[in-house]
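Biologist: I would like to go through a model with you, one feature at a time. Could we begin with the structure itself?

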Amino acid sequence: MLTAAITGAGDTVEKNGNVPVTPKEIADSAIAAAKAGATVAHLHVRDPETGGISHDTELFREAVRLIRESDQDVVINLTSGGGGDFIPDLSNPYQAGEGSDMQTPEERHEPVGALLPEMCTLDCGSVNFGDEVYLSPADWLRTQAKLVKDAGVKPELECFDSGHIAFAKQLIKEELIEGEPLFQFCLGIPWGAENDAETIEYFKTRIPENAHWSAFGIGRMQLPTVEEAAKRGGNVRVGLEDNLYVSKGVKATNEALVERAVEILKEQDIEPMTPQEARELYNLRDPKGGQ
């Protein structure tokens with residue numbers, strides 16, 4: 001399964017003009033990535049005026065509508081990890097300082113519950129994310145997992161460190177995750193798990209026997225991680241959310257990154273799944289089942 005992470009929420013728009021901002025740009029880029037071979041389009045949305053982070057359900061709704069109304073099939077995977085950036089106010093560390101962006105579990109889930117994509121991400125713990133903290137307390141994640149389960153959406157269990165895998169298994173034990181779980185190893189983010197072959201192999205040993213997994217790297221490690229994950233039997237992810245260049249000094253588009261990932265997979269005699277193959281394998285909801 002080849003995922004294209006279309007835009008993300010980082011401060012990347014000024015660094016690469018190909019990063020899509022408006023719902024139409026996001027949808028067009030997702031469609032182009034799917035035509036290039038992507039199985040899944042993973043979506044965030046951005047403020048159309050500023051290019052900055054947004055959690056507006058109506059922006060998600062428009063992007064999803066445009067993709068679903070196109071003649072290009074692709075599995076839609078919405079983020080549910082927005083609103084977790086916490087930077088303490090040094091004069092009062094009990095409250096958030098400038099640059100923080102927090103949402104409740106219910107607010108994080110709102111676009112997923114409203115639009116019912118086939119998949120959504122579920123970040124499985126807090127982590128030092130560069131110089132800020134990505135905050136996802138355990139009870140918040142239990143609430144989110146229950147909301148995702150009740151919506152009939154397949155969660156992609158994003159793990160930025162080994163403790164996140166342990167907590168994801170606890171969610172499974174508590175029956176908040178149904179079916180065969182799907183893990184995503186998020187590698188190389190400061191200061192989470194390192195991105196190397198040893199980490200991928202270790203993470204693989206920690207997930208349940210019936211689990212599926214994927215891995216992605218950021219920046220210059222994005223495409224090498226495609227090769228490392230694929231040869232170890234994992235799914236893969238590329239896209240402008242995680243990396244802005246297709247090669248040194250050459251700014252990427254989502255479709256160019258997908259095309260390069262397809263080439264890497266073909267070198268291993270691997271063909272990306274079709275969206276319908278992914279729906280059948282992972283028992284995903286019917287995208288035509290209504291919103």
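Modeller: What follows is a walk through some charged pairs, a helix, a surface patch and a contact in a predicted model.

Biologist: How many salt bridges does a search of the whole structure find?

Modeller: Side chains of opposite charge can pair when their charged atoms come close. Here the search of the whole structure gives 16 salt bridges.

Biologist: Where in helix H7 are Glu228 and Lys231 relative to each other?

Modeller: They are three residues apart in H7 (residues 222-231), so about one helical turn separates them.

Biologist: What separates Arg260 and Glu263 in helix H8?

Modeller: Again about one helical turn, because the two are three residues apart in H8 (residues 254-267).

Biologist: Is Arg237 buried or exposed?

Modeller: The cut-off for buried is under 20% relative accessible area. Arg237 has 1% relative accessibility, so it counts as buried. Glu241, at 24%, is partly exposed.

Biologist: Which residues of helix H6 are buried?

Modeller: In H6 (residues 197-206), Thr199, Ile200 and Phe203 are buried. They span an arc of only 100° around the axis, so they lie on the same side of H6. Exposed residues Glu198 and Thr205 are on the face turned away from the buried side of H6.

Biologist: Which residues form the negative surface patch?

Modeller: The patch consists of Asp56, Glu106, Glu107 and Glu110. Asp56 sits in the loop between strand E4 (53-54) and helix H2 (57-69). With a relative accessible area of 36%, Asp56 is partly exposed.

Biologist: How many residues apart in sequence are Phe129 and Pro190?

Modeller: They are 61 residues apart in sequence, while their C-alpha atoms are 5.7 Å apart in space. Phe129 belongs to strand E11 (residues 127-129) and is partly exposed at 35% relative accessibility.

Methods:
Residues numbered from 1 in each chain as written. Predicted model: local features only at pLDDT ≥ 70, side-chain atom pairs only at ≥ 80, totals over all residues. Heavy atoms only, no water. Patch = residues over 30% accessible without salt bridge, like charges linked within 9 Å, V, L, I, M, F, W, Y side chains within 5 Å. Areas by Shrake-Rupley, 256 points an atom, 1.4 Å probe, with all protein chains shown as cover. Salt bridge = Lys/Arg side-chain N within 4 Å of Asp/Glu carboxyl O. Lys, Arg positive; Asp, Glu negative; His and termini not counted. Charge placed at Lys NZ, Arg CZ, Asp CG, Glu CD. Helix = DSSP H or I, 4+ residues; strand = E, 2+ residues; numbered from the N terminus. Buried < 20%, exposed > 50% of the residue type's maximum accessible area, 1.4 Å probe, protein only. Arc of directions from axis to C-beta.
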